[in-house]
Amino acid sequence: MDLAVLAYVSIVSLILCIYMYSDKERAKNKEWRISEKTLFTLAFFGGAIGGVLGMYLFRHKTRNNAFAFGFPLLAAVHIFLLVQLF
């Protein structure tokens, strides 16, 4: 069970990190964007760690306060819960 939770969080984090990259590229090319609601939903359901990595690796959404504070806060909660699980 513990390994399944870790795998789930890893996969959702990877997906959100890829979404952050994709949204950054779409922003550069003035294309249709991934909604903030979608990004926050993925972060809430386990992908916040990947969201924080994507934010700072791709310098995307770092000036948006909801992301700059929300993603790290969610990531801290997820890390706390993972530590408690193991």
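Colleague: Why is histidine 78 called buried?

Modeller: Histidine 78 has a relative accessible area of 11%, and buried means under 20%, exposed over 50% and partly exposed in between, with a 1.4 Å probe and protein chains only; therefore histidine 78 counts as buried. The model is predicted, so local features need pLDDT of at least 70 and side-chain atom pairs pLDDT 80 or more, while totals for chains, interfaces and linings use all residues. Residues are numbered from 1 along each chain as its sequence is written, and side-chain values use heavy atoms, without hydrogens and water.

Colleague: What does the side chain of histidine 78 reach?

Modeller: This side chain reaches the backbone oxygen of phenylalanine 44 at 3.4 Å. Histidine 78 also touches Ala43, Phe44, Gly46, Gly47 and Ala48, leaving aside residues up to four places away in sequence; contact means heavy atoms within 4.5 Å.

Colleague: What makes α2 roughly perpendicular to α3?

Modeller: Their axes, lines fitted to C-alpha atoms over the stretch in contact, with angles from 0 to 180 degrees between N-to-C directions, come within 8 Å and cross at roughly 80°. Angles under 35 degrees count as roughly parallel, over 145 as roughly antiparallel, 65 to 115 as roughly perpendicular and the rest as oblique, so α2 is roughly perpendicular to α3.

Notes: Helix = DSSP H or I, 4+ residues; strand = E, 2+ residues; numbered from the N terminus. Polar contact = N/O pair within 3.5 Å; in protein donor to acceptor, adjacent residues only side chain to side chain.
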